[in-house]
Amino acid sequence: AVDIGILGTISFEDVLAGGDPDPFPFTGIRSNVLTGGTSGNSGTITLKGNSILVKDSGQLQTITKGIGNAGSIIMRAIQNLDSNVGLIESRADNFATGDAGSIELTSTRGNISLTNASNVTSQTVKSPGTVGNITLNAPGGNILLADSALGTLISPPINLRGVPAVRTGGSGEIRITTNNLQLNGGGIAITNISNLPPGSLTINLSGNLSVRPSSVVQTPRSSI
């Protein structure tokens with residue numbers, strides 16, 4: 001497991017600074033189960049700080065490609081939690097039998113913003129495992145999604161009977177709690193390509209919901 005606690009700002013940014021010759025540089029934290037893994041799970045990534053910034057293709061990922069489960073990602077800030085061109089992802093990948101992990105983003109006194117093609121996702125890709133839940137909490141502030149995506153994807157392989165069978169239903173829930181929620185491009189999606197119903201989308205607001213043009217809220221039938 002990765003557990004980082006800092007009194008100041010936690011920042012992941014500028015992967016292309018300094019003329020890095022690697023065309024696919026990586027700045028961030030990963031916790032993975034490799035292909036062929038027979039037992040263990042990947043660890044949980046926990047970040048706690050006064051504020052948190054993920055910027056310029058910074059990444060936080062837990063991925064399983066084997067039997068074990070992908071760990072959860074927990075990010076808790078006292079003040080603002082921002083992602084600007086960031087990726088926060090948990091995934092069960094390519095016939096892995098483990099589950100994807102859950103993701104929690106919490107700002108106790110500030111705002112949460114996902115901007116400029118940031119992506120927060122828990123998903124299965126050709127895996128019969130379950131998808132984690134995604135929770136965004138900003139009870140003392142607001143949440144902004146601007147040209148960014150927040151979503152879960154359940155996409156199991158086709159079994160011998162021709163059915164896209166997932167192990168259990170009800171996974172991939174999205175819960176949002178805040179004062180005001182603004183969608184300015186991009187959106188929120190629960191995508192289910194399986195034989196069982198997914199989790200639901202729950203939005204608890206003490207203020208207002210603003211949905212600008214080109215924004216999308218997508219859920220399967222009877223999941224809101």
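**Strands and buried residues in a predicted model**

Reader: Where is Asn116 found?
Author: In this predicted model, Asn116 lies in the loop between strand 9 and strand 10 (119-125).

Reader: And what is its phi?
Author: Phi of Asn116 is near 55 degrees, a positive value in a residue other than glycine.

Reader: Why does Asn116 count as partly exposed?
Author: Its relative accessibility is 44%, so Asn116 counts as partly exposed. The partly exposed class runs between the 20% limit for buried residues and the 50% limit for exposed ones.

Reader: What about the phi of Asp147?
Author: Asp147 has a positive phi of about 50 degrees, although this residue is not a glycine. Asp147 is placed in strand 11.

Reader: Let us step back. How many helices and strands are in the chain?
Author: The chain has zero helices and 15 strands. Of its 224 residues, 45% are buried.

Reader: What share of the contacts comes from residues 24 or more positions apart?
Author: Among contacts in the chain with a separation of 6 or more, 80% are between residues 24 or more positions apart.

Reader: And the accessible surface, what does it come to?
Author: It comes to about 10,200 Å², and carbon and sulfur atoms account for 51% of it.

Reader: Which residues of the largest nonpolar core touch the most other members?
Author: They are Leu47, Leu60, Met75, Leu105, Leu150 and Ile188, within a core of 31 residues. Strands that each supply at least two residues of this core include strand 1 (2-12), strand 9 (112-115) and strand 12 (174-192).

Reader: Turning to strand 8: is it largely enclosed or open?
Author: Strand 8 covers residues 103-107, and five of the five are buried, so the rest of the structure largely encloses it. Ile103, Leu105 and Ser107 point one way from the strand, whereas Glu104 and Thr106 point the other way.

Reader: In what sense do strand 5 and strand 8 pair, parallel or antiparallel?
Author: Strand 5 (residues 73-77) pairs with strand 8 in the parallel sense, over five bridges. Strand 11 (residues 134-155) also pairs with strand 8 in the parallel sense, over four bridges.

Reader: Which residue is the bridge partner of Met75 in strand 8?
Author: That partner is Leu105. Leu105 also stands opposite Leu136 in strand 11. Both Met75 and Leu105 are among the core residues that touch the most other members.

Reader: New topic. Where is Ser42, and is it buried or exposed?
Author: Ser42 sits in the loop between strand 2 (28-33) and strand 3 (45-55). Its relative accessibility is 8%, so Ser42 counts as buried.

Reader: What does Ser42 touch?
Author: Leaving aside residues up to four places away in sequence, Ser42 touches Ser31, Asn32, Val33, Thr62, Asn69, Ala70 and Gly71. A polar atom of the Ser42 side chain lies 3.3 Å from the backbone oxygen of Ser31.

Reader: How far apart are Ser42 and Gly101?
Author: They are 59 residues apart in sequence and 9.4 Å apart in space, C-alpha to C-alpha.

Reader: What does the side chain of Thr62 make a polar contact with?
Author: The Thr62 side chain makes a polar contact with the side chain of Ser90, at 2.8 Å. The side chain of Thr62 also reaches the backbone oxygen of Gly71 at 2.6 Å.

Reader: Which residues does Thr62 touch, beyond four places in sequence?
Author: Among them are Ser31, Asn32, Ser42, Gly43, Ile45, Ile73, Glu89 and Arg91.

Notes: Residues are numbered from 1 along each chain as its sequence is written. This is a predicted model: local features need pLDDT of at least 70, side-chain atom pairs count only at pLDDT 80 or more; totals for chains, interfaces and linings use all residues. Side-chain values use heavy atoms; hydrogens and water are left out. Buried means under 20% relative accessible area, exposed over 50%, partly exposed in between (1.4 Å probe, protein chains only). Two strands pair if DSSP finds at least two bridges between them. Contact means heavy atoms within 4.5 Å. A polar contact is a pair of N or O atoms within 3.5 Å; within protein, one must be able to donate a hydrogen and the other to accept it, and residues adjacent in sequence count only if both atoms are side-chain atoms. Accessible areas come from the Shrake-Rupley method with a 1.4 Å probe; for residues, only the protein chains shown count as cover. A nonpolar core is a set of buried Ala, Val, Leu, Ile, Met, Phe, Trp, Tyr and Cys residues joined through side-chain atoms within 4.5 Å.
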